[in-house]
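Dear colleague,

My notes on it come after.

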Amino acid sequence: MTSDRAPNRASRHLVPAVAAATAAVALAIAHPGPLVDLDLAAHDAFVRQTARPTPSAAVAIVAVDERSLEVHGQWPWPRDVIGRLVTAIHEAGASAIAFDILFPEPDRLGTQSMTPGGPSSTDAALAAAMRAARVVTGTALTFEAASADGPGIQPRCVLRPVSPVVRQPGDADPLAALFRATGAVCSVAVLGDAARATGTINASPDGDGVLRRIPVLTRYRDEVHATLALAALGVARPAPIVVEPRSDGALELTLGDRQVRLDPRGQILLRPRGPGRTFPHLSARDVLAGTLPADALRGRIVFVGATALGVRDVVATPLDPRFPGLELHATVADILLGGAAAERPAAARLLELAGAAVGALAGALFVAWLGGAGGTALAAVAGGLTWFGLRSWYASAGALVSPVTTIAGLGLGATLSVAGELAFERRRANTEHRRREQAQRLIVQTLTSLTETRDVETGRHARRTQEYTRLLASTVAARGTYRHYLTAHRIELIATLAPLHDIGKVGISDAVLHKPGQLTASEYAEMKQHTSLGHDTLLKAETLAGVHDDEVLGLAKDIVFTHHERWDGSGHPQGLRGDAIPIPGRLVAVVDTYDALVAKRSYKDALPRDQALEIIRQGRGTHFDPAIVDAFLECHTRLREAEHAADVMLPRPPAPRP
């Protein structure tokens, strides 16, 4: 049995599996907003779960912090103080000094020169210190429709673009997709001339406000400009910048022996070592006071900026919602110097599409193999393994492949397969239900025909009570009475079983059953036994069939055994009273009495219908349930239709032989 069932189950799940795979791939290709959000959430989780905060030996930060402001006053400081800071950092052995600070105007805190717009004496002091050191100044590029270069504010903006070596096999420009700036805010010319290089300090978060990428290369005025970290690295360790396009449109940046992957727009994926202050933070106060350890800055690229409250710049990153902006540049420099990098492999998109298809097929087959609960559980385990595997790949190699499409495919495949299984089971249940109903009707009709064989009038009476019962039960339910019990399903069952109410008469002797006149007391006592005989017959059938608590048999027994009970307790065979009488018995009691009154029998003539209705009315509250009598009187005008429907079902007598 098991070997036959498995192929059948697998075949049932084939269509849902193919549909799920198609839908999953289509969803992965379309990649709507919710999937993008989930991809970003997965990326952030990978970053958090694989971060290993360790200090960097190549990068350091000199911060204008609260301690520095206590000694040297509010920010911004006079430029000659910043010049002393540059000199101290240089003398401490820094390989490069990069400012995450803009000096767009002459120092208003120093003595101005006689030349309008010229440098102040403090600007000159800072410029002299910068020329003696290896300094990179920051530049903020702007992207408005009009240029941000304001006449009279920055008469001359000193920018030092880079000239990357582009390895391009064709004629297309691999850098065409870089962000293009429309303007720049840079340091005053005297400081720009003194600097060894300039670097951009731009960084824009994604739509959810989290910063995950920084542009390493940007275009401005048909020139390519490096980010502050790359410019500082070029000063500290001069090497050609080589850019090579990849087949997927990404760019490969080579700097010396280090290769880093950029996206087509020249951005690098951030992979911070840890939350804020993972890099060594040295106070500008200690640098100016000369109290640092001798090798604190030796050989390091030093980024200088403000971190004091009120003047610091913070951004949200996957690791820290208040990540110091100054550390962004330190993070990029660390990556370019050989720290842990993150990148989208060339085959990442293909792997995600394949994961969607394979996940959907696997989810569907898991359900086909293990059923709904087991298959769904296995799909969840497979999703967890996918997450763990791709996270491990990210941790070891920095390869960022989203697990979302695979997990979504697993869920979609399992869901559609379960839905297909449920639909199949529902169809099978409906088919079995129809077959069962057909079998029930066949049994009822067979037993009714059996009563017709013993007594034609009893058989015809049984068929009429079926239609009467359906009409009466529906009316009772429509009036709100016993609505909780008389559902459409139960009404149909009671009507179907109503013809069995006199099945016990097959056990009554012919002398009593066919007697044309009034029965004697002993004959009437025998006739009353038909309820018990019918009930016993159903009990024996139930026992022989091994059936227990079956709804159909339960209703049949109630009808057969209690349709002669009376509301006031004077009925038989048990003398039940009021609500103790099952509702099916109460319904059949009314229609049975009505049909017996209006039908012509061998021992009596038919009563007029009005007289029969009056007898029913008089029995309200004594013989019959008052609520059922009220419903019967309401629907009695439709009894003729029900009687006609019953007559149509009656078997026609056989044609005479020729």
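This is a predicted model: local features need pLDDT of at least 70, side-chain atom pairs count only at pLDDT 80 or more; totals for chains, interfaces and linings use all residues.

Residues are numbered from 1 along each chain as its sequence is written, and side-chain values use heavy atoms, with hydrogens and water left out.

Sheets

Helices (H or I, at least four residues) and strands (E, at least two) are DSSP runs numbered from the N terminus. Two strands are taken to pair if DSSP finds at least two bridges between them. Strand S9 (residues 217–220) runs antiparallel to S10, and 4 bridges join the two. Within S10, Ala-226 is the residue opposite Leu-217.

A further open sheet, also mixed in its pairing, is formed by 4 strands in the order S4-S11-S12-S13. Here S4 (165–166) and S13 are the edge strands, each of which pairs on one side only. S4 is parallel to S11 (residues 241–245), with 2 bridges between them; Val-165 has Val-242 in S11 as its bridge partner.

Pocket and cavities

The search used a 1 Å grid over the protein atoms alone: a cavity is a set of points where a 1.4 Å probe fits but cannot get out, a pocket is an open set with protein on both sides within 12 Å along at least five of seven lines, and lining residues have an atom within 4 Å of a point. Grid points are joined across faces, edges and corners, and a volume is the space filled by probe spheres set on the points.

The second largest pocket has a volume of about 670 Å³. Of the 29 residues that line this pocket, Arg-213, Asp-263, Leu-269, Arg-344 and Leu-400 lie nearest its centre. H2 (33–50), S13 (258–262), S14 (267–269) and H10 (348–397) each supply at least two lining residues, and H2 gives the most, with 5. The lining comprises 14 nonpolar, 4 polar and 11 charged residues (Ala, Val, Leu, Ile, Met, Phe, Trp, Tyr, Cys and Pro count as nonpolar, Asp, Glu, Lys and Arg as charged, and the others, Gly among them, as polar).

Across the whole structure there are 2 cavities of 30 Å³ or more. The largest has a volume of about 50 Å³, and its lining includes Trp-567, Arg-586 and Phe-624. That lining divides into 5 nonpolar, 1 polar and 4 charged residues.

Helix H16 (residues 530–545) contains 16 residues and reaches 22 Å from first to last C-alpha, close to the 22 Å expected at 1.5 Å a residue (1.5 Å times one less than the number of residues). Among its buried residues are His-535, Leu-538 and Glu-542 (buried means under 20% relative accessible area, with a 1.4 Å probe and protein chains only). The buried residues of H16 pack against H15 (521–528) and H17 (551–562). Just after H16, Gly-546 has a positive phi of about 70°.

Leu-85 is placed in helix H4 (residues 79–91). Leu-85 counts as buried because its relative accessibility is 3%. Beyond neighbours within four places in sequence, Leu-85 is in contact with Val-62, Ala-284, Val-287, Leu-288 and Val-304 (contact means heavy atoms within 4.5 Å). Leu-85 and Leu-288 are 203 residues apart in sequence, yet their C-alpha atoms are 5.8 Å apart in space.

With kind regards

How values were computed. Buried means under 20% relative accessible area, exposed over 50%, partly exposed in between (1.4 Å probe, protein chains only).
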